[in-house]
Amino acid sequence: MKFLEITPFKIVFLSILFILFFIFSVRSLHKAEKRWQKVLLMSLRCTGFILFSAAFLRISSLQKTVSEAKGKVAIVIDTSGSMFTGEGGGAINQIKKRLHEFLKDLSSGGKEVDIFTLDEKISPSTLENLLSLENSDRETKIVDSLGEFLKKMETDYDGLVLFSDGIDNSEKSLEFLKENEIPINTVKMPPPSGKDIWIDKVEFPVVAFKKVPFSIKVVIKSEGISGVGRVKIYLNGDLRTNEEIYIKKEITVVKEFTIDEEGSYILYIALSPLQGELTDKNNYFTGYFRVIRDKIRVLQVVGTPTWDVRFLRRFLKKNISVELISFMILRTRDDYMFFSNNELSLIPFPAREIFVEAIDTFDAVIFQNFNYAPYGPVDFLVNLKRVVQKGKTGFIMLGGDRAFYKGEYSNTPVEEIVPVRFIDVPEPYVYGEFKVKLTKAGEIHPITSFLKEFVQRLPPLHTLNLDIQPKKDSLVLANDTKGHPVIITGESEKGRCVVIATDSLWEWYFSSLLKNGGEVYTKLMQNILNWVTEDPYFKEISVVETREKLIISVREKNLKECKKCKMDLKFLTPDGKIAGEKSTEIEGELVLRKEEIPAPSIVSIQKGKSRINYPLKGKENLEFKNFKEKGKLLERIADLSGGRYFEFEQFKPQKAKFLSRKNRMESWKEVKEMWTSSVFIFLFFGVIMIEWTLRRKWGMR
Amino acid sequence: MKKFLKILVTFFLLGNYNLFAVSPRFRWVQYRYEGDLPMRDAVKQVLWELVRITSVEVEEEPLYGNLDDEEFFLSPFIYLTGRNVSINFGPEEKRKIISHITAGGLWLVDDSSENQGSPFWISVRKEFESLFGPWSIKPLPESDVIFRTFFLFQPEVARKFELEGIFVDGRAAVIFSKNLLQNATKRKYHLRLLINIIMYSLTTDYKLDQIHQPFIKKRLR
């Protein structure tokens, strides 16, 4: 028996109704003369109310049925890439040929069979689907997917039969099989065999340092094949090595690279396929690493020792992010020369070592009141220009009485890269009191914007260079009150330069240190250093990657948010081929959905002269890495789960182990709603009529 | 020749054309007190030699003042000398001296007395010890960078000067010497040491940079 409509509302309703019914019934019974009459009438009324309630709640009679189901078996077939590799279309074809026979045997043994495929997970399939499968690139994750499958389906099956070559890329262990109740029978398929070459191992740093050489080691192996091949190494789509190699059983290629830009990098290695290879899918490797800067390597070249030199050196030496190499001209050719070398601690100015041999190694070069002319040919400055324009080195030029025009830099490569022209004026370097103020660009530029709140309180500078004139595309960040430029920034091709037209900046340092301050000079110089060395914070383009999106932010040259910025996007494959491109105009930010970009790939973003390449990580496919079973995996699975292990040729479904439990299926079937039966209606109305008749007979209303 | 003309113009014809006390160039700044010894001629000669021998450019006119003068306080190099007069810094002066030295300033304290234990020598050491601790004055080893900032001093020569110093932040921030300036015009090594100390005030530990070490080691016997 079951109530079909038993709801809280109906219960409440019936309870209220019963209370009312009881009150009225009791009150109407006072005319009955005898007690037994009262009891009889009340009983009849209650019976009527109960019958009404039963009808109201739709009381029904239900019948229990019990049936027995056939035992079920799951056949799980590995359909990952390796099963399709090898002679005759791979191991999968051997299964296809005999699958009918296996199914028939299992059915005749009283088992119902469900078919599943296995690659990165176990999915339900059908015989038709399985037979129609032609190829796959997917990875095998036997252990991971078995764990998931058993969690959900364990109680449904009497056992599993797993067909696989045992090549597995799972991350989990087989621990879960100890709690598993159903036997897993494993059938070992022969692994792919044949002639093959493959990239077996690649060693490279996860993090490399900017401008510091690092090695990439590639181990190439071959089986049954040899010959001349080619190995190509790409970094962010740029071909960096293309080397001919003779492929034999094992060959190791080691290459050294130096990267000048910080950021994320995609390493792509391609090994040219040889004829007759089993597969060329294992001839490629994709990896990811980051390039960060260890320390900013700064070269400070000084024309004459001054307080400005002393305090800049103090700032640089105290800065733990800086590796400082200083050269100070302590004696010129015009000075008194008649001392023996042993009396002096001086060394010859290593102009050649600096400007020819080591110039590429510096992140920033500072010329501080330095006149280059006596120390080397102008060719040395050509090297400086080269590294600056390539974006390898930032350049800072500080003023003084032997800088700029007086330093004989007119019409030299230095004049080409700095944001000012050196001009011949009657007073190139003057003393005075020069109060500094920020220009509009300076108020928002990240180098000087912080000065806004300090600049009024800073002491005046006492020297100024007037032999400079800002170029058209330069950015003057600070002037004196008469409009003479003091801090000027600019770009030269990919490089950044800053000119400071005074040698009195030390006064800001020393005077603020005296007053327990010091933050202004150090912050200003740190910002300048970061800006010229293109610290990521000071880049015009930046990319933030979230789980689903790439957020590209673009800023103006002065690093103000860019309004209507024209930007070119290219999507490159890891070997640098253009897979797609688009030009767009954006306001500050562009959001790309990662699912719309094929990975792995490189998103190349260009705004004017600024460009960054951002690698988008793809999932690494280990399937074809090597075709060896992972440590007798199938035998262990069978052993731990209580199943049996078979070589494919020996497999017979009858020999597999399954549970012999019978599934009892219990179900309840609704037979009838009782209130609709004639007995129920007769009973209900019978009770009412008897009650009415008795009441009339005993003279009650 | 070019240099000689420059020195002539700087020292005799134009004089000090910088009207402001604060300059990026080296200026001889001397602490003035009642009973001090200006020794202007000696200073001028040392500066002449400094300019003649090195690439350092100087403000020709020395500045005499004390810590009440704003410009005096803004000079990173301060020379203090005396003979028979004791030195006593006031509390405000003491605060400013500590602030000046910790900000990077260098003090050269030079005893001009011929005698051991002059009132100046005893009092000035006591004053600085009261600022930096009772055992803060230590002998400068002959390997100190001061003996190699320009001229290279062989160890036995360096030892003869018996220089002492108070070290702040790893550098000699107060140097104690005897008769350095007054002998600088007469004795070769005194002049050289004074030039080294001036060079040290401008370049600090530059000569300790790795690049110089092989050369210096080779030249030291």
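Visitor: How do α1(A) and α2(A) lie to each other, roughly parallel or roughly antiparallel?
Guide: They are roughly antiparallel, a label used for angles over 145 degrees. This is a predicted model, where local features need pLDDT of at least 70, side-chain atom pairs count only at pLDDT 80 or more, and totals for chains, interfaces and linings use all residues. Residues are numbered from 1 along each chain as its sequence is written, with chains lettered from A and ligands numbered from 1 in the order in which they are written.

Visitor: What's the angle where the axes of α1(A) and α2(A) cross?
Guide: Roughly 165 degrees, and the axes come within 12 Å. Axes are lines fitted to C-alpha atoms, for helices over the stretch in contact, and angles run from 0 to 180 degrees between N-to-C directions. Helices (H or I, at least four residues) and strands (E, at least two) are DSSP runs, numbered from the N terminus.

Visitor: Which residues of α1(A) meet α2(A)?
Guide: Lys10(A), Leu14(A), Phe18(A), Phe21(A) and Ser25(A) do, and on the α2(A) side they meet Met42(A), Arg45(A), Phe49(A), Ser53(A) and Phe56(A). Contact here means C-beta atoms, placed from the backbone, within 7 Å.

Visitor: OK, switching to chain B. At what angle do α2 and α8 of chain B pack?
Guide: About 75 degrees, with the axes 10 Å apart. That makes α2(B) roughly perpendicular to α8(B), the term for 65 to 115 degrees. Val46(B), Glu49(B), Leu50(B) and Ile53(B) of α2(B) make the contact with Leu191(B), Leu194(B), Ile195(B) and Ile198(B) of α8(B).

Visitor: How many bridges join β11 and β12(A)?
Guide: Nine, in the antiparallel sense, with β11 of chain A covering residues 227-235. Within this pairing, Val231(A) has Glu243(A) in β12(A) as its bridge partner.

Visitor: Last topic: how many residues does each chain bring to the contact?
Guide: Chain A gives 36 residues and chain B gives 38.

Visitor: Which element of chain A gives the most there?
Guide: That's α6(A), with seven residues on the side that touches chain B.

Definitions and conventions: Pairing = 2+ DSSP bridges. Parallel < 35°, antiparallel > 145°, perpendicular 65-115°, else oblique. Contact = placed C-beta atoms within 7 Å.
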